[in-house]
Each structure stands twice: as C-alpha cells, then as structure tokens.
Amino acid sequence: MATNPNMVPIKTVTVGSGGAANIEFTSIPATFTDLLMKYSLKSDTGNLPAGSQKFIVMTLNSNSGSSGRQLQGDGSSASSSSTVNIGGANDPNTTANTFSNGELYIPNYTSSNAKSVSVDNVVENNGTSARNQLYALLYNSPTSAVTSISISPETSGSFVQHSTATLYGITSAGYGAYATGGVIISDASYYYHTFFSSGTFTPTQALTADCLVIAGGGGSGRNNMTNNNPGAGAGGYRLLTSQSLTTTAYTVQVGGGGAAATSDTNPGAKGGNSYLSGSGFTTITSTGGGYSHPISASGTGGSGGGGASHNNQTGAAGNEGGYTPVEGYAGGSGNDGTNYPAGGGGGAGGIGGSGSSGSAGGNGGVGSSTASSWGLVTGTGQNVSGTVYYAGGGGGGAAVTGGSGGYGGGGAGSSNLATNNGLSNTGGGAGGSGGTPGQKNGANGGSGIVIIRYLK
C-alpha cells in the first residue's frame, strides 16, 4: 500500500500492564507544518457515576493554560460550554473493553504565535449513549515551536493498559509533491509552487526546477500642475530553467508594489525586489519596477518609469539588474505639447509608448508571455484571450486620453484624476493620472510573484 509522504508518524506510545499517568511525546522535530495526534484512551478512575467520563488535559512544552469551547451531543440532546480540556476518556463504569477515541490537530506548530488546537473525540458511555465531542482551544503559550506534548487524566488517575496515541508530522505539500511551500497545484507534467507573498520553499529530495521570479511594479507620482503623470515601470521579470536545488530551505521574497506618492510634485516609490535564495545556490533576483515622476526624471528599475510631459522628459531605463536576458525595458517619453501627454512605463516585453502629439498618453509597455502556460495552470498573471502576460508597464496620463496599461497587469493611464493601480501579483506598473490642473493622485504598483515548477 502506498504511503502518504506528507503524513509521517513521529512516535507511537502504547500503555503497558502497569498503566501510565500520562502519554508524552518529547523532542518533536520542527521539520513539519502541522501536528496530528490520533488516540484511543481509557482511565482507571472508578469513582465516577455511570454515564460520566474522565476528562483529559494536555500540556504543550509544559504549559497547560488554555481556553476554548466544546460542543457535544449524545443522540438525544446537545450542549455547548467553556472548557480547558481536550475531550473525555472512557472509565471503568463504561462498557467493558471499550475505549474512547479521537484525533487532535495543531496547525503551524513551529510559529511564534499562540497555538490553536482542534479536537474530534468520541466517548462510549455504559452501553446506552455515545458522546461525540468537538473542541476548539487556544494555548497562549508557548509562543515558540512545540517540542513536547503530554496528555493525562484530569486531576488524578492513569491510563489503563492498551491505551495508545500516535503523533504524526504533517507537511503542507500537495500529495505526491517533492517540496513544501507556497500554493501547490499540478498539471499532467509539473508541480507548481506559487508564492503570492514571501515564504520558504523546501524540497524533500534533490530537484531540477524552473524558477519564475517577478518583482513589484513601480508606483506613480502626484502632481498639482498642468502636466500629467507618467506610467510607472513593471517589476523585473526573470525566468531561469534547469536550476539545481537540494534539500535545504530556500528563502522566497515577493516584492511589494511601489506606493503612490503622498504629496504634490513627488514621485511614487520603486517596486520591491523579489528573489529566491539558499545556501550554495546562486540567488535569483528581479529588480523592482521604476517609479514615475510628474515633473522630472522617473526612476530606473526592472522596467523604467515613463517620461513626464514637463520639458519632454525621456523615459527611464529598464534592466537595472544588468541580466541577460533583460528583466524589462525603458519607459516612453513625455510630450510637452498639446494637453501634455505623459509617457507609459516600460514592460517586461517591450518599451513604454511615448506621449502622443495627438494628446494621448503613452501606452504601457507590454509584459512577457513566455510563462503563459504557467499562468494558465496556476490562474495567475493577466489572461488576454487565452495568453497570459506578466509585468506590464503603466499607461501615461493625459488631459484627453490616458494610455492603456501594458498587458501583464499594468494600470491604465487616465484623463480624469483617477488612480489605476497595477494588478496584484503580476508586477504591473502603476498608471499615471491626468486631467485639468489640480491634484492628480498617483497609484500603487502591483506586487510581484514567485513560481517554482518541476517535473513529476
């Protein structure tokens, strides 16, 4: 029979003929995501009336303080109450040779947060009723990794012979995957680990993987003058194939989108870098998208910000990381002519458009579709008629017609003071705003994304 590699037995404890005051698990490794305990229990306390039960308490790293709620029913009635227990155990007054059973789950047991616990428990009572009990508990301590667990009868007593408990380590990987981390999905050929935010990628065996690393798009500026805001540059786009990964933990950083400017005549913020790094591994870094500035030079980045209409500013350069192939392209130039159209931000697949003498803002540079098949499987990126793009530049603002956002999540430019953010988790650059003189708000860049895939 096939075993599930994501549910690994850590230890089983079976009580012998002398009984045991508790069942304890120590030196629990911190190599899993969650913990699961399955148990079958009976206590030796014989002074309880028929139909009653001996409650079970649990300590985590010697800490027993918990608070929670229980819901239980016996087939004819149900009740709910506060509790500090994890369930009941059969005792000598229940039917001979019967044991209670249940399972207990502790998610995210290595975190620095309080620990939540859920329990599903069944108690058989003297042949006339069986109580099904559901518990939800919170242990405010420990706020470090759980390294030991002990369960025991409440107040006094012991577990009788044949009581048993097994502790399992659970990983977050989809069944059959060869690594943990991110959101895991598969097609006929590959497993994909998608990181929408920063995390850790840990192979359970040596892998040869393809890695898509996209930085956050740049933010656009704010202006209260006649000139219009250019579009910001897309986050850097890097797709590397056949990367050798070992069974170490790799750090995944997903760059945030650059923030919009918060004060007049100021630029937006550059997008955040994304990267994949680990011991003995050449870090894959993509550079945040360049910001746009409403009256002077925009910022360089993975792709560059567009040029302001003021004084016909040229667009900023892309590919700040200096990688081959390039991470992205330059922004388009602004136009100080009729209606002051600003340039579009650069994209991963092409330069941003320049502001038009016909009053239209420059279009954002198109993003890259080289990982379109990845996007179709994972549901990420911007799907345009069946082709998926990432890292499009923001459109430039204008008084009449704003430039369109580049395919790949670029925010559209506007002519009505509106803000058009880059699309989240695409690395799209922010759109620039435009319109009649007045406060022209900037927009936020789209956050980046990291996807790692490998063959089944």
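Guide: Two strands count as paired if DSSP finds at least two bridges between them. In this predicted model, seven bridges join E3 to E8, and the two strands run antiparallel.

Visitor: In E8, which residue is the bridge partner of Leu41?

Guide: Ser100 is the bridge partner of Leu41. E3 also pairs with E12, in the antiparallel sense and over seven bridges. There, Tyr39 stands opposite Ala165 of E12.

Visitor: What holds the strands of a sheet in pairs?

Guide: Strands of a sheet pair through backbone hydrogen bonds, and the sense is either parallel or antiparallel. One case here is an open sheet of five strands, in the order E14-E15-E24-E17-E18, with antiparallel pairing.

Visitor: Which are the edge strands?

Guide: They are strand E14 (183–186) and strand E18 (237–245), each of which pairs on one side only. From one strand to the next, the twist averages 20°. E14 and strand E15 (residues 190–195) pair over four bridges in the antiparallel sense, and Val183 stands opposite Thr194 in E15.

Visitor: Strand E18 also holds Ser244. Is Ser244 buried or exposed?

Guide: Ser244 is exposed, because its relative accessible area is 57% and the cut-off for exposed is over 50%. Ser244 and Asp210 are 34 residues apart in sequence, and their C-alpha atoms are 9.1 Å apart in space.

Visitor: How should I read a nonpolar core?

Guide: In soluble globular proteins, nonpolar side chains tend to be buried together. In this model the largest nonpolar core has 30 residues, of which Ile23, Met37, Met58, Ile86, Leu104, Ile149 and Ile151 touch the most other members. Strands that each supply at least two residues of this core include strand E2 (23–25), strand E3 (34–41) and strand E4 (54–60).

Visitor: Which strand gives the most to this core?

Guide: E3 does, with four residues. E3 is mostly covered, with six of its eight residues buried.

Visitor: What volume does the largest pocket have, and how many residues line it?

Guide: Its volume is about 290 Å³. The lining of the largest pocket has 15 residues, and Thr31, Thr33, Thr180, Thr200 and Thr202 lie nearest the centre. By class, four residues of this lining are nonpolar, 11 are polar and none is charged. Strand E16 (residues 199–203) gives the largest share of the lining, four residues.

Visitor: How does the lining of the second largest pocket divide by class?

Guide: That lining has six nonpolar, three polar and one charged residues. Among the lining residues are Tyr237, Arg238, Thr324 and Pro325. The space in the second largest pocket is about 180 Å³.

Visitor: Which residue other than glycine has a positive phi?

Guide: Ser62 has one, with phi near 70°. Ser27 is also not a glycine, and its phi is positive, about 50°. Ser27 is found in the loop between E2 and E3, and Ser62 in the loop between E4 and strand E5 (67–73).

Visitor: Why is Ser27 classed as exposed?

Guide: Ser27 is exposed because its relative accessible area is 66%, and the cut-off is over 50%. Ser62 is exposed with a relative accessible area of 66%.

How values were computed. Residues are numbered from 1 along each chain as its sequence is written. This is a predicted model: local features need pLDDT of at least 70, side-chain atom pairs count only at pLDDT 80 or more; totals for chains, interfaces and linings use all residues. Side-chain values use heavy atoms; hydrogens and water are left out. Axes are lines fitted to C-alpha atoms, for helices over the stretch in contact, and angles run from 0 to 180 degrees between N-to-C directions. On a 1 Å grid over the protein atoms alone, a cavity is a set of points where a 1.4 Å probe fits but cannot get out, and a pocket is an open set with protein on both sides within 12 Å along at least five of seven lines; lining residues have an atom within 4 Å of a point. Grid points are joined across faces, edges and corners, and a volume is the space filled by probe spheres set on the points. Ala, Val, Leu, Ile, Met, Phe, Trp, Tyr, Cys and Pro count as nonpolar, Asp, Glu, Lys and Arg as charged, and the others, Gly among them, as polar. A nonpolar core is a set of buried Ala, Val, Leu, Ile, Met, Phe, Trp, Tyr and Cys residues joined through side-chain atoms within 4.5 Å. Buried means under 20% relative accessible area, exposed over 50%, partly exposed in between (1.4 Å probe, protein chains only).
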